[in-house]
Amino acid sequence: MKIKNKILCPECQIPLSIIKTCLTEKKIRLRRRVCPACKFGYWSMQYPEVVIPDKRIKYNRKWSVTLLDYTP
Ligand SMILES: [Zn+2]
């Protein structure tokens, strides 16, 4: 069986929960995923599923964020 869209916590190996979905001004949907056990969390963007470092996210109002460009 193929499970789509399941991302496992690198520590606990259990699926991360999506706790929040936000839209950027450019209508890109971003999801905040958090491990229910260890609270490890990150932002991701689809498709394909891409992890976004926290420092690229700027919170605006509720449900709206800005995706910042940055050089690591
Ligand atoms: Zn975990």
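This is a predicted model: local features need pLDDT of at least 70, side-chain atom pairs count only at pLDDT 80 or more; totals for chains, interfaces and linings use all residues.
**Group meeting: a sheet built strand by strand**

Residues are numbered from 1 along each chain as its sequence is written.

Two strands pair if DSSP finds at least two bridges between them. Strands are DSSP runs of E, at least two residues, and helices are runs of H or I, at least four residues, both numbered from the N terminus.

Back to S2 and S3. Who sits across from whom? Arg32 has Trp43 in S3 as its bridge partner, and Val34 has Gly41 in S3. The two strands make a hairpin with 6 residues between them, and in that turn Lys39 has a positive phi of about 70 degrees.

Now look to the other side of S2. Strand S1, residues 17-23, pairs with S2, residues 29-34, antiparallel again, over 6 bridges. Here Thr21 stands opposite Arg31 in S2. This is a hairpin too, with 5 residues between the strands, and Lys27 in the turn has a positive phi of about 65 degrees.

Next, S3 has another neighbour: 3 bridges join S3 to strand S4, residues 50-52, and they run antiparallel. We meet Trp43 again here, because its bridge partner in S4 is Ile52.

So what order do the strands take in the sheet? It's S1-S2-S3-S4, an open sheet of 4 strands with antiparallel pairing. S1 and S4 stand at the edges with a single partner strand each, so one side of each is left without a neighbour in the sheet. On average, neighbouring strands of this sheet are turned by 35 degrees against each other, direction ignored; the axes are lines fitted to C-alpha atoms, and angles run from 0 to 180 degrees between N-to-C directions.

Zooming out to the protein chain, how many helices and strands are there? There are 0 helices and 6 strands.

And how much is buried? Of the 72 residues, 7% count as buried, meaning 20 or more other C-beta atoms, placed from the backbone, lie within 10 Å of the residue's own. Last one, on contacts, meaning C-beta atoms, placed from the backbone, within 7 Å: among those between residues at least 6 apart in sequence, 26% join residues at least 24 apart.

Terms used. A residue is buried if 20 or more other C-beta atoms lie within 10 Å of its own, exposed if 12 or fewer, and partly exposed in between; C-beta atoms are placed from the backbone. Two residues are in contact if their C-beta atoms, placed from the backbone, lie within 7 Å.
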